[in-house]
Each structure stands twice: as C-alpha cells, then as structure tokens.
Amino acid sequence: MGVRLMVVDDHRLLAEALASALKLRGHRVLAAAAPTTGAAEIVVSRAPEVCLFGTAAPAEPGTFDPVARIRRERPQTAVVVLGPVPSPRGIAAAFAAGAAGYVRHDERIEGVERAMAKARAGEAAVSPQLLQGAFAELLNPAVQPDDEGQRLLHMLTPREIEVLVRVAEGEDTRLIAAGMRIAPSTARTHVQRVLMKLGVGSRLEAAALAARTGLLDRAAGGRRQGPDPVG
C-alpha cells in the first residue's frame, strides 16, 4: 500500500527526483519542495503521513527547527531525515527535534521505502549500522581534519596576505603596487610568491582556492582589523 508523503530538500532537483521515483513505485506524493525551512507550513496544510526531510548539514544549529514545529503542530506526520553519514550530534539533533527516522542520503530507494513504512507504523526508522557508526564515533572520536584555510594562511607573510586580498579583489600589478606604495616589480614578486606558496598557477586559481578554503575571509578580516607590522 502506497504512502501519502511529501519530500523537501534544500536542493529542489533532489526533492523532485526522489518524488518522481517514489511516484513510480506507487506512492502518493503530495508535494516536492525546497527549501527545508518551509517544510512545516506545507506539512500543516497538506497533512502527509510521512515527510522526507533532506539536509546536507544535520549538525548545523537550527537545521531541524521545522521538524520540531511539525512534531508540535502535526504529530500524526512522521518525519524521516535523509542526510549524510552523520556525526553523533547530527543524528541526535534529528531525533531530539522529533524525527521518526534517519536514512543516509545515498541509501537505495528500497531502503527509503522501508524507513517510510516503519515511521508510518510508529517505529524508529534508523538502521543498526548507522547507530553503530554514531556510537563508535562517540567512543572513538575521529581526529578532526586540518583546517586547510588556516594552514595556508600561516604560510603567508602579512604583506603576502594583503597581496592575496588585493588579487582576489581583481587588482592588477599596477594597482597593487599603488595601493601598497611599493614598486611594480616588488608587487609582481609578492604575487609570484603567493602563487608558489599556494601551489597554484594563476591569480584566478589563487582567488578561487582562497575563497573555497575560507582563507580569503580570514585574510580580509585581518586586513580590516589593520595590517600587521611588516617584517
């Protein structure tokens, strides 16, 4: 027997793709929507049996606020979270907010259906493997990966950090030299050193790497606070 459900995800294409797949398998999809912040309003108005709630950041504060509201205002609807392999904090936050289940977002469609059926029946829809993984991380916390942005930032001198910020703002060698009151040849040397230390071959690559790793935000923040003394 098909489940009356809705699918929400911050990525509309993912929500619509999953909704289409479930329709083909005989389920009645009342809505496929994005972003997840609007999930509560749709659930309250449509009253599905199950809401599939997709998130890429289960441990972020506020992620499951809509789930908590659904639990308060439409307790008959079971919410099953679809998310990445979670940290213990993420999976705990989902259930603390009132979720009935947690399924990995790379689970096969059959696994999603099993979770929906369990949640509709009032059972906890979470795989033993997922719980084991969460408990294992609690007992043996993984070493946190290096902060790449911070590591790269430490490789640069204060003057090179200023050069990087200017490069990211689109300044050419002439503008960099004028803004820093240095010779164009000196500015060019600083730019080359920045590129070498970051391991990139162009100014565009340097700016992209800085933005991707958060280095640019840190560098710009330091620049706003005032330049460090140049050694």
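## Terms and basis of the model

Helices (H or I, at least four residues) and strands (E, at least two) are DSSP runs, numbered from the N terminus. The structure is a predicted model, in which local features need pLDDT of at least 70 and side-chain atom pairs count only at pLDDT 80 or more, while totals for chains, interfaces and linings use all residues. Residues are numbered from 1 along each chain as its sequence is written, and side-chain values use heavy atoms, with hydrogens and water left out.

## The sheet

Six strands form an open sheet in the order S2-S1-S3-S4-S5-S6, with parallel pairing; two strands pair if DSSP finds at least two bridges between them. Strand S2 (28–33) and strand S6 (125–126) are at the edges and have a single partner strand each, so one side of each is left without a neighbour in the sheet.

Strand S4 (residues 78–83) runs parallel to strand S5 (residues 101–104), and 4 bridges join them. Val80 is opposite Gly101 in S5, and Leu82 has Val103 in S5 as its bridge partner. S5 is in turn joined to S6 by 2 bridges, and these strands also run parallel. Here Gly101 stands opposite Ala125 in S6.

Helix H5 (residues 109–120) lies across strand S1 (4–9), strand S3 (50–54), S4, S5 and S6, and runs at about 155° to S4. Contact means heavy atoms within 4.5 Å. Axes are lines fitted to C-alpha atoms, for helices over the stretch in contact, and angles run from 0 to 180 degrees between N-to-C directions.

Most residues other than glycine have a negative phi, and most peptide bonds are trans. A cis peptide bond, with omega of about -5°, joins Ala34 and Pro35. Pro35 belongs to the loop between S2 and helix H2 (39–46).

Ala47 is not a glycine, yet has a positive phi of about 55°. This residue is in the loop between H2 and S3.

## Helices packed against H10

Two packed helices are described by the angle between their axes and the distance between the axes. H8 and H10 pack at about 90°, with axes 9 Å apart. They are therefore roughly perpendicular to each other; this term covers 65 to 115 degrees, whereas angles under 35 count as roughly parallel, over 145 as roughly antiparallel and the rest as oblique. From H8, Arg159, Glu160, Val163, Leu164 and Val167 meet His190, Val191, Arg193, Val194, Lys197 and Leu198 of H10. The residues of this contact comprise 6 nonpolar, 1 polar and 4 charged. Ala, Val, Leu, Ile, Met, Phe, Trp, Tyr, Cys and Pro count as nonpolar, Asp, Glu, Lys and Arg as charged, and the others, Gly among them, as polar.

Helix H9 (residues 173–180) packs with H10 at an angle of about 110°, the axes being 8 Å apart. H9 and H10 are therefore roughly perpendicular to each other. Thr173, Ile176 and Ala177 of H9 make the contact with Pro184, Ala187, Arg188 and Val191 of H10.

## The cavity

The structure holds 1 cavity of 30 Å³ or more. On a 1 Å grid over the protein atoms alone, a cavity is a set of points where a 1.4 Å probe fits but cannot get out, and lining residues have an atom within 4 Å of a point. Grid points are joined across faces, edges and corners, and a volume is the space filled by probe spheres set on the points.

The largest cavity contains about 30 Å³ of space. Its lining consists of Val163, Leu164, Val167, Val191, Val194, Leu195, Arg203 and Ala206. Helix H8 (158–168), helix H10 (184–198) and helix H11 (203–213) are the elements that give two or more residues to this lining. By class, the lining has 7 nonpolar, no polar and 1 charged residues.

Definitions and conventions. On a 1 Å grid over the protein atoms alone, a cavity is a set of points where a 1.4 Å probe fits but cannot get out, and a pocket is an open set with protein on both sides within 12 Å along at least five of seven lines; lining residues have an atom within 4 Å of a point.
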